[in-house]
Amino acid sequence: MAFWAEKARTLLDWDTPFTTVLDDENPPFFRWFTDGRLNVSANCLDRHVAAGRGDKVAFHWVGEEGERRSLTYSDLLAETQRLANGLKGLGVGKGDVVGIFLPMIPEVAVAMLACARIGAVHNVVFGGFAPSAVRERMEVSDAKVLITVDGARRKGRTAAVKEAVDAELGDLKTLERIVVVRSTGVAAPMLEGRDVWYHELCEQADPVCPPEPLDAEHPLFILYSSGSTAKPKGILHTTGGYLTGATYTHRLVFDLDPSSDVYWCSADVGWITGHSYIVYGPLSNGATSVMFEGAPDYPDRDIWWKIVEEFKVTIFYTAPTAIRTCIKWGPQYPGRHDLSSLRLLGTVGEPINPKAWLWYHKVIGGGRCPIVDTWWQTETGAIMISPVPGVTSTKPGSATTPLPGIFPALVSEDGEPLTEGTGILVITKPWPSMLRTLYRDDERFVQTYFSRFGPNVYVVGDAARLDADGYFWIIGRIDDVINVSGHRLSTAEVESAIVAHEAVAEAAVVAQSDEQTGQAIVAFVTLTGDRVGDDATVAELREHVATRIGKLARPKRVIWADDLPKTRSGKIMRRLLRDIAEGRALGDVTTLRDPSVMAVLAHKIVESDPDE
């Protein structure tokens, strides 16, 4: 515990210093730095300005159509204080939930920091999700205010976000006010008495808002992650422990020198990677970062590398799926630009295959940049297993070894420790940035993460391999969660969306290995009555899922099934569906109610082509 106490004391500023490091009296509800008080917003902004670094650039923002804005720490502090006062004027107080549904524009960071400043709990929803997913997350969290945008741009097109939000959330009774950022100029209906423009709210607000000293265990944010049931899991992170983990890991893993580095994480703020390694970690460390609004192939496939060259980016952090896409496009696109400023590369979101690792190292890093292949989760809050640059020898495809202060282990199905081979990944000791619970669902928290091997052993949900050198190789999920381009989607959530279509009687969704996205969604679908599936129905179902969840949840393949493999008790055996989707030999089928179903489905798999 002395290790984490030292990190918390040296990396963060505390209004009230803590004396208790870890409270483990009620596992698995571990609490950290319980008698300390601090403010995340103050640690990310005020202390840097007070130290004379207010003119330092916090974000170089690049818009989709080539716009450029550079915001200093003083700029961010000024806007954060005004928005914080504006939110207080709307009745937002300590502990209230504020939803944030914004694209990658600077206001998304300001909104998060403003909530942190006054003790409100932010609930950010990925901008690529459909409004129905936003509604669900606002409804289950009882969000009081939603901060959204008039429209969002993607590859030259503008979607009317506010209009879509109104259609989906207009009757949500707990949602009292909607704050709208004017970003694209697209028409945005405003309901008098409920809706307010972001810029008007800030203009009218007092420019000074002192940061609220908060208990270390005060809730900082909820982030909804897919689970093995259709209901998303509201992962709750708190103030002191989370910021300790994000600040420490960002500085260590990326070998950060705030005085000279230009850091760029290509993730979206709507995911935990964006929370920890675009907003909180970099700002707490006083770093200069790049924030990019657009797609990696608009206006051309070299846009990322153009930005690296322009801002002389030194540290670049992205997902393996993006690297695989770049490989597909060819080396000529990064070859157009001078990438010699890069000194360190990182990957996040899923295991990286050796081929992609080597391409990344050679083509993007010029053979000179170390690669930090980071493993962690929404639940962990911060990186857990990763090479330390200049210290850890790397192996392409391995996340290597745990960071100091982290204690992962590999166990068998029975919980017996393994020193080598393949098993279940667990973490045996608590760490400061761990989730505290699932929002308003302590029982599910215990059941999901701490029921299998006891209240002191966190079950990750991933399978892994441990080699003779003690290096961890992450294999993939052991539950029914699909990882598409680093985005975790619940099979039940996608199945629920498909079955909601009037033509569908039943559906089962599984993951299939995919060269570009890591995993792709394969849906086995039974239609109602005598309906026959065709290409038009496939397109209709894909669009239906995109509307209900988001485009990233669309099945890549749809297999029409007269029946699904079920046990005698009626449980669908997704294990067998995964086997035939991957072309593997089938395992034990003796528990099936009708074993002949598998032969029919296997034949259909052979006949089908992937639906692009």
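Biologist: Which residue of strand 5 does Phe59 stand opposite?

Modeller: In this predicted model, Phe59 stands opposite Leu71 of strand 5. Strand 4 and strand 5, which covers residues 68-72, run antiparallel and are joined by five bridges.

Biologist: What lies between strand 4 and strand 5?

Modeller: Five residues, and the two strands form a hairpin. Gly66 is in the turn and has a positive phi of about 95 degrees.

Biologist: Which way does strand 17 run relative to strand 4, parallel or antiparallel?

Modeller: Parallel, with four bridges between strand 4 and strand 17, residues 288-292. Within strand 17, Phe292 is the bridge partner of Val62.

Biologist: Why is strand 4 described as largely enclosed by the rest of the structure?

Modeller: Look at how many of its residues are buried. Strand 4 spans residues 57-62, and six of the six are buried, so the strand is largely enclosed by the rest of the structure.

Biologist: Now the open sheet of eight strands: what is its order?

Modeller: The order is 12-11-8-6-7-14-15-24, and the pairing is mixed. Strand 12 (195-197) and strand 24 (437-438) are the edge strands, each pairing on one side only. Inside that order, strand 7 (residues 121-124) pairs with strand 14 (residues 219-225) in the parallel sense, over two bridges. Asn123 stands opposite Ile222 of strand 14.

Biologist: What describes a pair of aromatic rings?

Modeller: The distance of the centres and the angle of the planes describe such a pair. The count here comes to 30 aromatic pairs. Take Tyr277 and Tyr317: their ring centres are 6.1 Å apart and their planes are at 85 degrees, so this pair is edge-to-face. Tyr277 is in helix 9 (residues 272-284) and Tyr317 is in strand 18 (residues 315-318), 40 residues apart, so the pair links distant parts of the chain. Both Tyr277 and Tyr317 are buried.

Biologist: How do the rings of Trp431 and Tyr458 compare in centre distance and plane angle?

Modeller: Trp431 and Tyr458 are 5.5 Å centre to centre with 80 degrees between the planes, an edge-to-face pair. Trp431 is in the loop between strand 23 (421-427) and strand 24, while Tyr458 is in strand 25 (residues 458-466). Trp431 and Tyr458 are both buried. Ring pairs also link these two into a cluster with Phe29, Phe30, Phe445, Tyr449 and Phe450.

Biologist: Which ring does the charged end of Arg465 sit over?

Modeller: The ring of Trp473, at 4.7 Å from its centre. Lys429 lies over the face of Phe407, 4.4 Å from the ring centre.

Notes
Residues numbered from 1 in each chain as written. Predicted model: local features only at pLDDT ≥ 70, side-chain atom pairs only at ≥ 80, totals over all residues. Heavy atoms only, no water. Buried < 20%, exposed > 50% of the residue type's maximum accessible area, 1.4 Å probe, protein only. Pairing = 2+ DSSP bridges. Phe/Tyr/Trp six-rings, centres within 6.5 Å; stacked < 30°, edge-to-face > 60°. Lys NZ or Arg CZ within 6 Å of the ring centre and 35° of its normal.
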